[in-house]
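Subject: Structure handover

Hello,

Here is the structure for your files. My notes on it follow below.

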Amino acid sequence: PSDSIQRIGNGTIITPFVVKENRYVKQHTYPGPGTYSLYSEDPNRNGGINNIPNSIDVIFSITSVLVISADTEFGVFNNSVQLLNAPKDDACSNALWLHNPVTVDPDGDSLAYELIPCTGSGGIPIMDYEFPDEYQSNHGLMTIEPFTGHVCWDVPLFFGENTVVISNTEYRRVTLVG
């Protein structure tokens with residue numbers, strides 16, 4: 001079953017960047033233990049993104065996974081992780097770029113990070129999407145530290161906008177919870 005959530009307000013501009021933050025808030029009771037996907041898509045992706053062909057025509061989507069365990073040892077509540085750094089950052093060509101989303105989990109769960117392909121309509125990976133270091137002929141290697149989320153792009157070559165996705169996986173003790 002699916003449910004829709006309306007956006008609250010008209011969005012907030014995150015400074016110092018011109019990024020619109022949309023908020024969707026709703027309390028939902030799930031029917032019981034299981035794995036649930038929380039999914040959103042927006043048709044308003046920027047045009048001219050270097051690593052997404054025809055980006056203006058490609059839907060932006062994001063997915064979260066919530067795992068509800070029948071084992072009450074893990075508790076009955078699970079809060080989403082909080083990203084304390086703005087989701088946009090500026091890199092300079094021919095210079096090392098470092099970024100960290102500064103992610104915290106209100107429940108104290110452990111987090112693991114990885115770079116994954118961007119997704120479009122239906123949450124499906126975008127055809128012909130390339131990680132930024134791939135379209136730059138493997139120069140400018142981009143890596144992520146799996147326990148801290150620290151991203152390093154070792155000397156990007158080209159000017160322009162690029163899109164990357166940092167996936168974070170949430171564990172309570174050693175059990176996947178989101």
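Two strands are called paired if DSSP finds at least two bridges between them. Helices (H or I, at least four residues) and strands (E, at least two) are DSSP runs, numbered from the N terminus. This is a predicted model, in which local features need pLDDT of at least 70 and side-chain atom pairs count only at pLDDT 80 or more, while totals for chains, interfaces and linings use all residues. Residues are numbered from 1 along each chain as its sequence is written, and side-chain values use heavy atoms, with hydrogens and water left out.

Strand 11 (residues 165-172) and strand 12 run antiparallel and are joined by two bridges. Tyr171 has Leu176 in strand 12 as its bridge partner.

Whole chain

The secondary structure amounts to one helix and 12 strands, in the sequence pattern β-β-β-β-β-β-β-β-α-β-β-β-β. Of the 178 residues, 28% count as buried (under 20% relative accessible area; exposed is over 50%, partly exposed in between; 1.4 Å probe, protein chains only). Among contacts (heavy atoms within 4.5 Å) with a separation of 6 or more, 59% are between residues 24 or more positions apart.

Core

A nonpolar core is a set of buried Ala, Val, Leu, Ile, Met, Phe, Trp, Tyr and Cys residues joined through side-chain atoms within 4.5 Å. The largest one has 16 residues, of which Ile52, Leu115, Ile126, Tyr129, Met142 and Val151 touch the most other members. Strand 8 (110-116), strand 9 (142-144) and strand 10 (151-153) each supply at least two residues of this core, and strand 8 gives the most, with three. Leaving aside residues up to four places away in sequence, Met142 touches Trp97, Leu115, Pro132, Asp133, Val151, Cys152, Trp153 and Val164.

Leu84

Leu84 lies in the loop between strand 5 (82-83) and strand 6 (97-99). Leu84 counts as exposed because its relative accessibility is 57%.

Regards
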